[in-house]
Amino acid sequence: MSSVTAKMTWAEWIRLDNRIEDILSMDSDQMKLERFELLKRDLEEAYDLKNDVRAKRMYNRVKSLTPKVVG
């Protein structure tokens, strides 16, 4: 596994925020769950979540939204 050193830019934050809004607007709860799981995985693979505050906040936001879609 390679070491991840990318830092999230504000442009990426906005793009991901728009992606979250698109997911939330979906009709199917199952599709929302699948998309949030994919988004979490993408964040884990692309950013250093331990050292990138912006990426960690986005990850936590996605993580906090995920259970709400199923329940």
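Predicted model: local features only at pLDDT ≥ 70, side-chain atom pairs only at ≥ 80, totals over all residues.
I started with the length of helix 2.

Next I looked up which residues of helix 2 are buried. They are K32, L33, F36, L39, K40 and L43. They cover an arc of only 125° around the axis, so they sit on the same side of helix 2.

Then I checked how helix 2 begins. S28 caps its N-terminal end. A side-chain oxygen of S28 lies 3.3 Å from the backbone nitrogen of Q30.

On to the core. The largest nonpolar core has 15 residues, and M8, I20, L39, L43, M58 and V62 have the most contacts inside it. Helix 1 (10–24), helix 2 (29–46) and helix 3 (53–70) each give two or more residues to this core. Which helix gives the most? I found that helix 3 does, with 5 residues.

Leaving out residues up to four places away in sequence, V62 touches I20, F36, L39, K40 and L43.

The structure holds 1. W10 and W13 form it, edge-to-face, with 6.0 Å centre to centre and 65° between the planes. Both lie in helix 1, 3 residues apart, which is about one turn of the helix. Is W10 buried or exposed? Its relative accessible area is 54%, and the cut-off for exposed is over 50%, so I wrote W10 down as exposed.

Note on methods: Residues numbered from 1 in each chain as written. Heavy atoms only, no water. Core = buried A, V, L, I, M, F, W, Y, C linked by side-chain atoms within 4.5 Å. Buried < 20%, exposed > 50% of the residue type's maximum accessible area, 1.4 Å probe, protein only. Helix = DSSP H or I, 4+ residues; strand = E, 2+ residues; numbered from the N terminus. Contact = heavy atoms within 4.5 Å. Arc of directions from axis to C-beta. Polar contact = N/O pair within 3.5 Å; in protein donor to acceptor, adjacent residues only side chain to side chain. Phe/Tyr/Trp six-rings, centres within 6.5 Å; stacked < 30°, edge-to-face > 60°.
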